[in-house]
Amino acid sequence: MSKELIFYTHPQSRGAIVHWMLEEIGQPYSVRVVEYATTMKAPEYLAINPMGKVPAIQHGDVVVTEAAAICAYLADAFPKAGLAPALDNRGEYYRWLFFAAACGEPAMSDYATGWKVDTADLQRRFGYGSFELTFDTLAGWLAGRSHVAGDRFSAADVYVASLLNFGMDFDLIPRKPEFEAYVAPLLQRSAKKRADAMIQELMTQLAPTTA
Ligand SMILES: N[C@@H](CCC(=O)N[C@@H](CS)C(=O)NCC(=O)O)C(=O)O
């Protein structure tokens with residue numbers, strides 16, 4: 001019997017990355033919405049993720065948090081979906097999945113707060129170097145590529161495209177032509193569209209009711 005798969009999220013969160021990934025996997029899962037500052041910080045959910053943050057998944061008795069880790073875990077747990085390259089061909093896959101999470105995410109977040117890593121000393125110490133270096137490097141890699149790792153769609157594309165799409169939408173990542181050319185076709189995938197529709201539906205369920 002297959003293990004139960006539970007997805008903890010909020011429709012306005014990085015949970016959207018995992019929602020897309022779950023739809024790509026195509027296996028049954030149940031969605032549990034936790035709300036900011038309330039159920040997300042309640043003991044029941046802190047037992048799942050002591051950070052009190054979403055997304056998280058529970059698969060049988062395994063809990064995984066961190067959107068990038070969840071994408072990688074799901075690709076491995078459901079190999080029939082073909083969303084991870086073969087084990088002996090994962091160099092690019094790991095490289096860019098980790099780059100996006102460890103360099104792209106913090107570079108974007110620091111930029112969003114207006115915090116500039118703009119001295120040579122800071123740039124040496126920060127893993128992402130600088131905002132410009134991070135996104136110039138990613139753009140250089142993506143130039144002329146349809147997929148971030150090899151020539152097939154993978155879990156790394158779910159994560160990298162989600163980060164770029166969010167960042168460009170909110171003017172937190174530059175709208176470089178390499179990013180737009182890479183992201184646009186991926187957003188047309190039916191799994192992405194299904195996930196977006198489900199997120200919209202969850203939003204309406206959360207909307208405050210008026211008397
Ligand atoms: N490093 C985490 C970040 C998770 C995160 O910060 N989630 C936000 C929503 S996008 C959250 O749950 N914030 C609620 C809080 O911190 O109270 C990941 O990549 O999954």
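A salt bridge is taken here as a side-chain nitrogen of Lys or Arg within 4 Å of a carboxyl oxygen of Asp or Glu. The structure is a predicted model, in which local features need pLDDT of at least 70 and side-chain atom pairs count only at pLDDT 80 or more, while totals for chains, interfaces and linings use all residues. Residues are numbered from 1 along each chain as its sequence is written, and side-chain values use heavy atoms, with hydrogens and water left out.

By the salt-bridge rule, the count comes to 10. Arg175, at 46% relative accessibility, is partly exposed.

A further salt bridge joins the side chains of Asp76 and Arg90, at 3.2 Å from N to O. Asp76 belongs to helix 3 (residues 67–77), whereas Arg90 sits in the loop between helix 3 and helix 4 (91–112), so this pair ties together parts that are 14 residues apart in sequence. Helices (H or I, at least four residues) and strands (E, at least two) are DSSP runs, numbered from the N terminus. Arg90 is buried, with a relative accessible area of 11%, while Asp76 is partly exposed at 41%.

Turning to helix 5 (residues 120–125), Arg125 and Asp121 both lie in this helix, four residues apart, or about one turn. Their side chains meet in a salt bridge of 2.7 Å, N to O. Arg125 is exposed at 59% relative accessible area, and Asp121 is partly exposed at 36%. Arg124 joins these two residues in a network of salt bridges.

Four strands form an open sheet in the order 2-1-3-4, with mixed pairing; two strands pair if DSSP finds at least two bridges between them. Strand 2 (30–33) and strand 4 (62–65) are the edge strands, each pairing on one side only. Strand 1 (residues 5–9) and strand 2 run parallel and are joined by four bridges, and Tyr8 has Arg32 in strand 2 as its bridge partner.

Helix 3, which also holds Asp76, lies across strand 1, strand 3 (56–59) and strand 4, and runs at about 135° to strand 4. Contact means heavy atoms within 4.5 Å. Axes are lines fitted to C-alpha atoms, for helices over the stretch in contact, with angles running from 0 to 180 degrees between N-to-C directions.

Note on methods
Buried < 20%, exposed > 50% of the residue type's maximum accessible area, 1.4 Å probe, protein only.
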